[in-house]
Structure formats: structure tokens, C-alpha cells
Amino acid sequence: MLRRVIELLPVLFLASIAVFLLLHLAPGDPSYFIAGRDATPEVREAVRQRMGLDKPLHVQYLIWLGDILQGNLGDSALSGHPVSELILARLPATLHLTVAGFIVTILLSLLAGIPGALRPNSKMDHVLSTYSAVAFGIPVFWLGILFILLFSVRLRWLPPSGYVGFLEDPLRSLRFLLMPAFTLGIANSGVLSRFIKFSVLETLQQDYIRTARSKGLAERVVIRRHALRNALIPVVTVAALMVGRLLGGAVVIEVVFAWPGLGRLLLEGINNRDYPVVQATLLFVVLIFVIVNLITDFLYVYLDPRVQLHRR
Amino acid sequence: MDNDNVGRSSRAFLKRLLRIRSGRFGLLLVLVLVLLSLLAPLVVPFPPLEMNRGDEFAPPSARYIFGTDQFGRDIFSRVLYGGRISLLVGFGSIGVAALIGVGSGLLAGYLLGMVDTAVMRLWDVLLAFPNIFLGIAVVAVLGPGSLVSALAIAIMNMPHFSRIARAAVIAEKQKEYVEASRAIGASSGRIVIMSILPNTIPPLLAQIATAIPRAILLEASLSFLGLGTQPPRPSWGNMLEDSREFLRRAPWYGLFPGLALFLLVLGLIFLSNAIRDLLDPTRQNIE
């Protein structure tokens, strides 16, 4: 397991170089990007000194990385606020959305995946397969717009945009959360429900299922204790990999529903050419993504003792 | 295979594809949308950028079948023109990704060693960025635009093609027929291209078929975020972004560009499922 962690280090290292280089590949003087467009020559000179912008690139990288490892992500070129504060301020909204979206994804995927596998080629199977295909193909932002058109414009049941923290006012928070979470959940359930269906189908054909049936176990027990338990092991890995898709989807959904999360922060950073914000946010996302992948691997080993990470 | 043979086997493939229900349905949807987009200049009632004063926010009618936007531009015409961007970026970026990905994968798999390590590490880094974030990173450097988003989508697809090609080379390299070509003095390049490459075609085709609808969705997402195709040039993504402000006044604006995108992607998914079933002998009986 330790080896798996160590293997990730070069990836993180190279990803950090890629993020670092963004600033230098972009056309223009980096000191403008860091200090802001309106910075006086003195301020830019100070930035140049502090970041070592007159030094060779690898020295600059080490200074930048050193700062980041000490938790100093730099200051926004636009507002001057520390980027770490900006990220922390936006993180709760994104977590709120992705966790809720994840729960909806899992619920919908199980509901849409399992019945079709238990009765292949039934009417139910066809309906659910169509649902999966539609959920997979529907553009997530369009689904969000359709929800707004239906539930806000026509029925006036839910607010079209905005965000209230869960701890501030749980009920109102839920009203704002419902559409974004379902948009995210439906869009992601397309892939996951198909995966679940095929995993269950495959498991049902295993010898041990035939054994369980032939020793006279009730079908319900066979399915619950033997089939689903085993079929859902690979699903755990895929579900965790969904986190990458969820984060990506969250960016788009934050725009649709004016949700003040990390995705919007990143886009504002791009639009304002606020490179410290863009770099730090990207690095943060990559870190989360890599850690989630790692947890997935561990979870897989834990759930299925036959798997060993280094004998693949 | 000579040309005649290729022609015959692709006709046979098409025949089998049409025998699958999802293949027929997908092909029909895709063909209709592709034709409408390609023939847009002949089909559309209005130029896509023309503003019809006094007809702002006109609801769908015989004159404007999808209605008009806040400048009185005909949404139907803009949707057809937007389809050209989607198709161009979708097919173009995957074409480039396949070319570079397969090339690098063949090289890495054949040479192994340092080249292999370097290429595969590069892909590991790219894969560490969830898709849309890689797109955002590329736009951060190059600025927004259709071409940049196409490039970003090509880059994020290269690792998959490269890995498939590499795996195929490593598997095929051990086989007797490669041994035999080497024994009769074939050069490495000839072995890779003439003997190994043809064997990678089925998995690559399957990968292309799955990657194209995703690429089209991603292009639309990037445009929706304001990072792809820039207004006033219409793309389905930037039209939907534009429509958000006017959902109450002009709900049709938020409806039709998305519907076109959804139908195209759905058609491509059905088509790709059918193609995958045909290419993978173990899945033949699913339909």
C-alpha cells in the first residue's frame, strides 16, 4: 500500500509542474498576472523579487512549490485576498453539492441498475435501459435548464438559483439544493447504472450462485447475500471514480444555478486572468482527485481480499 | 487488404449494423443531424447572425420555427450552424487524438524502456486532471475559442488511444507471425504498421465511437462555460449559456439548442453501442 502512495508522488509532482507552467506559457509578463493589472511598477518589482521571476525557471518553481507546501497559495491578483481563504470560503458550497449529487447518483443508479439485471429483457429492463441511455446522453447543463424551466418558471416550486448553507437554515438550503443535486445525480447515474446492471448480470452467472440456488436457498437470499454483495464490489471503485465526473459536473452546474462554489471561483479566475487563483484551484482539484483514486484502490483491497495492488 | 476488400467488408459491417435496432436508430438520428448541419447554408431561412429588428423574443411560429433570441436572430438557423461547430470539434479533436495517441502508443509499446516510461507518465499526469479541468487549464494558457477547446479535447483523449495501441503492440509482439516477419527481414516500422496496427483496429474503432459523443458534450460544456466557441458565432453550448438570462421570457431559447445537442449525442451513443457489440464477439448476443 505504501508503494501505491509513493507511486502517486511523481504524478503529483509532474501535475504541479504543469500547473506552475500555466503562468509562464500564457502570453504576457507573469508579474502582471500575479500582482494584478493595475499594479504600479514598484509593486510588480516587489512581486518579481519575492517570486524570483528574474531567476531561472526551475528556481522559480521551487520557490512556488515551497510556498504552496507551507500553505501559502499566494494572493488573488484581482482582490488581493489570500487564495487559500478564497478556496476555503467556496469549498463548503462545492462539497454540499457534490456530496448531495453523489448520494442521488448512487440511489438512482441502484434503482435503475439492479431490477434490469434480475429480469433481463423484461419490460422493466427496457424502460430502465432507456433511462440509462438518456441520462448518459443528456447534457448536464441542459438538464439543469429544463429543471429550471419546469420547476421554477412554470410550476414556481423551487428557486431557480442561489445557495443557502445547510447549517444556516436546513429547510431553505434543501430547496436550493434539490435541483442542482438531482441534475448532477441523474447525469452521473447514466454510466453507473449500466455498470451496476452488467456487474449484477455477470455475477448471477457465476458457479457459486448456482451452488447457492441448488442447495435450496430462497431466491431473495441468493440475490441479497450472494449476488449483490459480490456484484457491488467493483461498483465501489467506479462509484469513487465518479468523484472526478462529479467535480467536473459541479463546475457546470454551479454556473447553471449560480452556485457559489470552487468551479465558479475557477471560472472567475480564468475570466479575470487571475492566475494565482486558477493555479491554486486546479492544484487543489488534482489533489482531491488523486486522493480519491487512492482511497478507491484501498477500498477495493479491503472489500475484496483476492485483490492485491501489486499483482495486477 | 486491397481497396476492393475493404469496400466489401465495410459494406458487410454496415449491413450488420443496420440489423441491430439501436444501430438503425442511432444512424438515422446522426445522419439527419449531420446532413442538416452540413447543408445549413442551403436549408436555413435566415443567416445565423442576422438580427431581425422588432422580432426580438418571437415565440416559435411558421416564420421562426424555433423562435428568436434577444436580438431577433432566428434560433433554428443558429442551431443548424451551431451543429457544424459541434461536429467539427467532436470529430476533428478525436481524429487528432487518435492519430497522436496511436502513434505514441505504438512507439512506446514497441520500443519500451525510457520512451515507454516517458510517454506513459505524461498520460498519467493528464489523467490526473478530471476532464473539464484539463480543458480549463488549456484555455487558461491559450485563451478561449473553438480551436483551443478542440485542442484541449484532443489532448485529454490521447492517453486512452495511446494505452490501447500500446497494449495491443505488447500483446501482438510476442506472437508467431511477428516473429516470422522479423525472420524474413521486415523492418521494425513495417512490422508495426503492416502486422500489428491492423490488429488494433477493432478496439480503436470502439474507442473512437465512444469518444466522439463525449467530445461533443465536452465542447458544448466548454462553450457553455464561456471557454469554447465565442459569440456571436453560434454553438449549442454558448446559445444555452445565453438563454439562461431569458428563461422566463423566452423558454424556447433554452429548449431547442439543448434538444439538438441531446439528440445528436443520443444518436452517437446508440451507434457506438451497436458498433461495440459488433466488434466484440463476446457481446454479440446482447441484442
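Reply: In this predicted model, the residues Arg4(A), Val5(A), Leu8(A), Val11(A), Leu12(A), Ala15(A), Ser16(A), Val19(A), Leu22(A) and Leu23(A) in α1(A) meet Tyr275(A), Val278(A), Gln279(A), Leu282(A), Leu283(A), Val286(A), Val290(A), Leu294(A) and Asp297(A) in α12(A). The residues of this contact of α1(A) with α12(A) divide into 15 nonpolar, two polar and two charged.

Me: How are α1(A) and α12(A) oriented, and what angle do they make?

Reply: Two packed helices are described by the angle between their axes and by the distance between those axes. Here helix α1 (residues 2-25) of chain A packs with helix α12 (residues 275-303) of chain A at an angle of about 165°, and their axes are 10 Å apart. Angles over 145 degrees count as roughly antiparallel, and α1(A) and α12(A) are therefore roughly antiparallel to each other. The crossing in which α1(A) passes α12(A) is right-handed.

Me: Which elements of chain A have the lowest and the highest mean pLDDT?

Reply: Where pLDDT is low, the predicted coordinates should not be read in detail. For chain A the mean pLDDT is 87, and 98% of its residues reach 70 or more. Among the elements of chain A, the lowest mean, 77, belongs to helix α2 (residues 30-35), whereas the highest, 95, belongs to helix α7 (residues 140-154).

Me: What does the secondary structure of chain B come to?

Reply: Chain B has eleven helices and zero strands, and its C-alpha trace spans about 80 × 45 × 30 Å along its principal axes. Of the contacts in chain B with a separation of 6 or more, 68% are accounted for by residues 24 or more positions apart.

Me: How many of the residues in helix α8 of chain B are buried?

Reply: Of the 287 residues of chain B, 48% count as buried, but helix α8 (residues 176-183) of chain B is hardly covered, since the count of buried residues among its eight residues is zero. After α8(B) comes Gly185(B), whose phi is positive, near 90°.

Me: How many residues of chain B are in contact with chain A?

Reply: The size of an interface is often given as the accessible area lost when the parts come together. Here we can count residues instead: 34 residues of chain B are in contact with 34 residues of chain A. On the side of chain B that touches chain A, at least two residues each are supplied by α5 (113-127), α6 (131-142), α9 (188-224), α10 (236-243) and α11 (251-279) of chain B. The residues of that side divide into 25 nonpolar, five polar and four charged.

Methods: Residues numbered from 1 in each chain as written. Chains lettered and ligands numbered in written order. Predicted model: local features only at pLDDT ≥ 70, side-chain atom pairs only at ≥ 80, totals over all residues. Contact = placed C-beta atoms within 7 Å. Helix = DSSP H or I, 4+ residues; strand = E, 2+ residues; numbered from the N terminus. Nonpolar A, V, L, I, M, F, W, Y, C, P; charged D, E, K, R; others polar. Buried ≥ 20, exposed ≤ 12 C-beta atoms within 10 Å, placed from the backbone. Axes fitted to C-alpha atoms, helices over the stretch in contact; angles between N-to-C directions. Parallel < 35°, antiparallel > 145°, perpendicular 65-115°, else oblique. Left-handed = near helix turned anticlockwise from the far one by under 90°. pLDDT = per-residue confidence, 0-100.
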